[in-house]
Amino acid sequence: MDFSTKFNDLTARVERALDALVPALPPGSPAGPARIHEAMRYSLQAGGKRLRPVLALSAAGLGGPARVEDALPVAVALECVHTYSLIHDDLPCMDDDDLRRGRPTCHRAFDEATALLAGDALLTQAFVILGQSYGARPVLAAALLRELADASSGRRLVGGQMQDLLAEGGGTGSPATAAELEFIHLNKTAAMLEASLVCGGLAGGLAPDAIETLRRAGRHLGLAFQIIDDVLDATVDTAVLGKTAGKDARAGKTTYVSLHGLDEARLLAARETTLATDALRALPGDSTFLLELAARMLDRRH
Ligand code: GRG
């Protein structure tokens, strides 16, 4: 199977699992407020790139093709946490954005309170899914819960977002230093990519040293992903991105582009990608797909 066929096959499986595990109304529920489920699904099914679930499924596949199915629930849980973070990031009290995944943000399509609740409910739904789907395998369930909870915690995703807001003017008002920028991106961006590979590896039954190698690959892939995100924000227009472009410069934000310039930022992203692919090559199993995915993440246009 070539790369695109495999990528499309994995994303199609993710879409079906999302539909099943985040239903319009939970099975057996009375006629509760459909609005919360509509808002959750509105943002979830708006057609993101599904990178985190695809990374998880590909890492699980290193344990053999049959393991991919095992990783579907955690892949969906990762996408739920990611989508919650996007909904909250877009709120007026944070980034105040109107466009996400090519359509109006959740609070524009519904209202602010509904968007806040949809984000809360998606975060919680991730852990509902893990409990329901892996409860019969308590050792795996505990490892996945620990990994996803840590990645989305105040120490990582939320901590990275907090530092980002502080650097933007919520705190001192002074732009982030290079060290602060690395902290922001290691946590706001890389934590979830790292968790995607690690959770996939756990569901794939990989050994502890392979899990740590996946963690290292995820950290470098996450930094490369964020550097490219900064480059795209500065170079690609809103219609292509599906989210508002040029926001970093307008906000006077420190980014890899503002610190290093476009060319050097691209070189840094390539360097981080090489570090990620060096790690991926050391893994057991066939990592061809993951290596190609890393290369395409570096070359992405949106
Ligand atoms: C609100 C706790 C909280 C965190 C917000 C996701 C996020 C953290 C902020 C969004 C802004 C941003 C640049 C985040 C870095 C991570 C990133 C590039 C997210 C976008 O991921 P993609 O491009 O999005 O994979 P799609 O829509 O394709 O899934």
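**Aromatic pairs**

Rings of Phe, Tyr and Trp (its six-membered ring) form a pair if their centres lie within 6.5 Å; planes under 30 degrees apart count as stacked, over 60 as edge-to-face and the rest as tilted. The structure holds three aromatic pairs. The rings of Phe-3 and Phe-7 have centres 6.0 Å apart and planes at 25°, so this pair is stacked.

This is a predicted model, in which local features need pLDDT of at least 70, side-chain atom pairs count only at pLDDT 80 or more, and totals for chains, interfaces and linings use all residues. Residues are numbered from 1 along each chain as its sequence is written, and side-chain values use heavy atoms, with hydrogens and water left out.

Helices are DSSP runs of H or I with at least four residues, numbered from the N terminus. Phe-3 and Phe-7 both belong to helix H1 (residues 3-21), where they are four residues apart, about one turn of the helix. Phe-3 also forms a stacked pair with Phe-289, at 4.8 Å centre to centre and 20° between the planes. Phe-289 lies in helix H17 (residues 288-298) and Phe-3 in helix H1, so their pair ties together parts that are 286 residues apart in sequence.

**Charges over rings**

A charge sits over a ring if NZ of Lys or CZ of Arg is within 6 Å of the ring centre and within 35 degrees of the ring normal. Lys-6 lies over the face of Phe-289, 5.0 Å from the ring centre. Arg-300 lies over the face of Phe-225, 3.8 Å from the ring centre.

Key: Helices (H or I, at least four residues) and strands (E, at least two) are DSSP runs, numbered from the N terminus.
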